[in-house]
Amino acid sequence: ALVYFSTGIWYTFQLLYTLHFLTLFVMNIIKCILLFFILLSCSNLSNRDKIDSKIYFKSVEGNKLDIDIELKFIPLETIDNNLIGNISQIAIYKDKIFVLDRFYSKRLYAFKTDGTYIGQIGNQGNGPGEYVMPSHFCFQNEDQIVVQDLHKNVLLFYDVNTFNYVKKKYIPFNFNICSVIDNNNIVWYNSNGFEDEAPKSYILVTDSILNKKGEYYKADFKSGYILSLGDNLYTYNNQVYVYHSLKPYVYNVQSSAANLAYEIDFETHRFPPLSYLKEKASKGANYTLELTESDYISAYAFYENKTAIWINYVANKIPYVGWYNKETKTAWELSFKDFTEKIGMQGLLGTVIGSTDEYFISSINSEALSRRYIDNNELRILSEKSRKEDNPILCLFKISPNCHRQNGDHTIMECTFKVANE
């Protein structure tokens with residue numbers, strides 16, 4: 001009996017020891033799992049904090065805004081077969097200026113950086129290498145320019161140096177705009193969302209042969225009507241950014257993710273709530289008519305370079321502009337009319353249509369030059385040589401803040417802006 005009792009105690013001790021060991025083992029596993037998720041969460045938060053930037057544009061009156069602005073002018077050479085009615089998209093790439101006129105001539109042109117005309121990319125028509133409705137262009141592999149034809153739902157590829165036609169790609173789904181990213185993957189945007197049976201997302205990413213790689217940015221609003229001031233997609237620093245013209249979010253899109261890059265807010269106007277949009281657009285109604293007459297933002301266009309961000313937007317049929325300095329984190333907004341008055345370009349300068357690394361790009365209609373007094377000496381000289389029917393003059397501008405520090409209870413950065421002397 002004593003032997004059985006001793007043996008029972010031994011087995012009991014072994015069992016308790018084993019259970020204790022297993023308990024410690026399981027607890028350590030749980031701790032490791034919890035630590036992993038905590039670190040992952042912190043990492044995601046850290047990455048998000050590094051990427052995201054909420055920008056608040058404070059309203060300023062034109063007569064209280066001091067601006068130091070640098071202006072450059074490039075007259076686009078005019079010949080009989082390159083007349084531009086309106087610049088829809090512009091890009092400076094490999095020492096060439098590419099200009100798309102999607103509404104009037106419906107052609108894509110190339111100029112040297114001094115404005116000298118080089119040639120036309122593609123042509124109007126239904127033959128090989130021809131397009132009917134060129135709506136956007138982008139670049140691929142540094143040696144090809146890709147033109148999007150929404151009428152045919154195809155992408156046309158041309159050599160960026162010779163402008164020779166290379167190939168075309170038929171697209172079996174509807175989209176508004178696209179751009180090539182890393183490894184020839186393609187970012188697609190549709191303001192109604194890409195859909196199988198129901199709207200799913202505004203952003204679709206595929207490989208070069210259109211295999212789906214990801215869908216991002218939930219499409220929670222759909223309508224047959226849409227207002228737009230720009231392309232809802234832009235490329236900066238070899239990265240592609242996408243935004244919806246009725247929402248304050250700008251996403252940086254990569255092959256495997258779409259990360260929030262910016263969230264914008266304005267002091268004087270707000271974006272329309274989703275409930276408002278759905279109510280006004282119910283049963284297929286054209287909500288845009290009422291939206292444009294409201295105080296809500298009805299559309300905006302977003303541009304970025306290495307030093308600043310520029311926004312065109314419209315509320316109650318009035319155009320406004322916003323500017324954000326990346327270094328000083330200062331931002332302001334005012335009406336487009338007040339801005340052009342402040343720099344002496346009222347009635348001349350059009351809204352921003354593109355950007356370079358340092359400048360934002362606008363244009364000046366040649367006909368308007370004959371009807372206005374020109375304050376700027378350089379522009380006045382160009383106007384004297386210009387005819388009413390000539391192509392637009394590009395205006396590149398850069399705003400520079402003058403900042404100084406003040407000491408008091410708190411050290412702060414104050415920035416003023418002054419008009420540059422001619």
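Student: Why is the contact between the side chains of Lys212 and Glu215 called a salt bridge?

Tutor: A salt bridge needs a side-chain nitrogen of Lys or Arg within 4 Å of a carboxyl oxygen of Asp or Glu. Lys212 and Glu215 meet at 2.7 Å, N to O, so the pair qualifies. This is a predicted model: local features need pLDDT of at least 70, side-chain atom pairs count only at pLDDT 80 or more, and totals for chains, interfaces and linings use all residues. Residues are numbered from 1 along each chain as its sequence is written, and side-chain values use heavy atoms, with hydrogens and water left out.

Student: What makes Lys212 exposed, and what is Glu215?

Tutor: Exposed means over 50% relative accessible area, buried under 20%, and partly exposed in between (1.4 Å probe, protein chains only). Lys212 has 52%, so it counts as exposed. Glu215 has 24%, so it is partly exposed.

Student: Why does the salt bridge of Lys247 and Asp220 tie together separate parts of the chain?

Tutor: First the distance: their side chains meet at 2.8 Å, N to O. Lys247 lies in the loop between strand E18 (239-243) and strand E19 (249-253), and Asp220 in the loop between E16 and E17, so the pair links parts 27 residues apart in sequence. Strands here are DSSP runs of E with at least two residues, helices are runs of H or I with at least four, and both are numbered from the N terminus. Lys247 is buried, at 10% relative accessible area. Asp220, at 26%, is partly exposed. Elsewhere, salt bridges that share partners join Glu70, Lys306, Glu358 and Lys398 into one network.

Student: How many salt bridges are found in the whole structure, and which parts does the one between Arg102 and Asp231 join?

Tutor: The search finds 16. In the pair Arg102 and Asp231, the closest N and O atoms are 3.0 Å apart. Arg102 sits in the loop between strand E4 (96-101) and strand E5 (107-112), and Asp231 in the loop between strand E16 (212-218) and strand E17 (233-236), so the bridge spans 129 residues of sequence. Both Arg102 and Asp231 are buried.

Student: How do you know that the buried residues of helix H6 lie on the same side?

Tutor: In H6 (residues 377-385), the buried residues are Leu379, Leu382 and Ser383. They cover an arc of only 105° around the axis, which puts them on the same side of H6. The arc is taken from the directions from the helix axis to the C-beta atoms. The face turned away carries the exposed residues Glu384 and Lys385.

Student: What covers the buried residues of H6?

Tutor: The cover includes strand E2 (69-75), strand E26 (360-364), helix H5 (366-369) and strand E27 (393-399).

Student: Which residue caps the N-terminal end of H6?

Tutor: Asn376 does, with a side-chain oxygen 3.0 Å from the backbone nitrogen of Glu378.

Student: What makes a group of residues a nonpolar core?

Tutor: The members are buried Ala, Val, Leu, Ile, Met, Phe, Trp, Tyr and Cys residues, joined through side-chain atoms within 4.5 Å. The largest core has 53 residues, and those with the most contacts inside it are Phe302, Trp310, Phe339 and Ile364. Strand E22 (residues 308-315) gives the largest share, six residues. Leaving aside neighbours within four places in sequence, Phe302 is in contact (heavy atoms within 4.5 Å) with residues including Tyr234, Tyr243, Val250 and Trp310. A second, separate core has 23 residues, among them Phe221, Tyr251, Leu277 and Leu291.

Conventions: A polar contact is a pair of N or O atoms within 3.5 Å; within protein, one must be able to donate a hydrogen and the other to accept it, and residues adjacent in sequence count only if both atoms are side-chain atoms.
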